Structure formats: structure tokens, C-alpha cells
Amino acid sequence: MALTMTVDEVESYLAEVFPQVDGMFGIDRLDDDLLVMRLRVSDAHLRPGGTVSGPSMFALADVAAYVATLARIGRQALTVTTHCSIDFMRKPEAGRDLLAEARLLKLGRSLSVTDVLLYSEGSDKPVAHASLTYSIPPAPVG
């Protein structure tokens, strides 16, 4: 599925519409097949025991699916999550960023479906798997 936005355009748009997460995420790769997004893990993302919290892992999966969709449909901030299923499979490694590999499985006029695998940086074993559906607002008339 062809891209309509570059990495710089997506990052600039995210900073504009979601300033509260500015600097928390980065895009390592964005092409027609794959988005690799990074959660820059800090103390704010940790839970007791020194592991990345579930809500932080969910946030990475959700933002990755949002970016994978926006990179193809353009600047449509009101594209929203309508479904998410996430399986937490193993404890993320302490002191490492988390990476999301997001693949857009379907892009229609009103919905997109994205598959996301989360990894601790440097590991090939996924720590979580998520499936997300986004609702795309109707195109303006006229």
C-alpha cells in the first residue's frame, strides 16, 4: 500500500496533533511494507520490578497502527481506534527501547486493520502481539 507521507511529515504531524507524546516515539523505518516504531523507554514507562508497563506497550502498538494508517491516508487526525486485542507474551528486557513492527493488513475507505509485534531492542523474541482496527472518517463532501 503506497505511502502518502514521509517520516518527517508523519513526525511533524504527530508533534502537531499529539504534543503530549512529543519525543516519546520515533520512526526507524517506514515503507510500503513495514513501519518500525520505537518507544524511547524512560522511568515513566516502568512498573515495579523494572519492566515496561502494559499501558506503555499498548501505547506503542496503538501509535504504530495510527502512524501506519496515517502514512497512507494522509493528515486525518480523527482516525480513531475501534478495536485492539493485545497478548503480552514475555517480560521486556530492562533498559532497552521497545520496537513495534507494524504491518497494515487491510486499508479500506472506512477501516484499516494492522498487525503489530513488539520487541525489546536487540531481541528477536516478541514481547507482545497486537491486532488493531482503526476507523477512518468519511472524506469531506465537495
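Q: Which residues is leucine 60 in contact with, leaving aside its neighbours within four places in sequence?
A: They are Phe25, Met37, Arg38, Leu39, Leu98, Leu99, Ala100 and Leu118. Contact here means heavy atoms within 4.5 Å. A word on the background: this is a predicted model, where local features need pLDDT of at least 70, side-chain atom pairs count only at pLDDT 80 or more, and totals for chains, interfaces and linings use all residues. Residues are numbered from 1 along each chain as its sequence is written, and side-chain values use heavy atoms, with hydrogens and water left out.

Q: Why is leucine 60 called buried?
A: Buried means under 20% relative accessible area, with exposed over 50% and partly exposed in between (1.4 Å probe, protein chains only). Leucine 60 has a relative accessible area of 0%, so leucine 60 is buried.

Q: Why does threonine 133 count as buried?
A: Threonine 133 has 15% relative accessibility, and therefore counts as buried. Threonine 133 lies in strand E8 (residues 126–135); strands (E, at least two residues) and helices (H or I, at least four) are DSSP runs, numbered from the N terminus.

Q: How do you know that the span of helix H2 agrees with its 20 residues?
A: The expected span of a helix is 1.5 Å times one less than its number of residues. For H2 (residues 54–73) that should be 28 Å, and the end C-alpha atoms are 29 Å apart, so the two agree. Just after H2, glycine 74 takes a positive phi of about 95°.

Q: Why is H2 described as largely enclosed by the rest of the structure?
A: Because 15 of its 20 residues are buried. Leucine 60 also has its place in H2.

Q: What makes a set of residues a nonpolar core, and which element gives the largest share of the largest one?
A: A nonpolar core is a set of buried Ala, Val, Leu, Ile, Met, Phe, Trp, Tyr and Cys residues joined through side-chain atoms within 4.5 Å. The largest has 32 residues, and those with the most contacts inside it include Met37 and Leu60. Its largest share, eleven residues, comes from H2.

Q: How do the residues lining the largest pocket divide into nonpolar, polar and charged?
A: Ala, Val, Leu, Ile, Met, Phe, Trp, Tyr, Cys and Pro count as nonpolar, Asp, Glu, Lys and Arg as charged, and the others, Gly among them, as polar. The lining divides into seven nonpolar, three polar and one charged. A pocket is an open set of points on a 1 Å grid over the protein atoms alone, where a 1.4 Å probe fits, with protein on both sides within 12 Å along at least five of seven lines; lining residues have an atom within 4 Å of a point.
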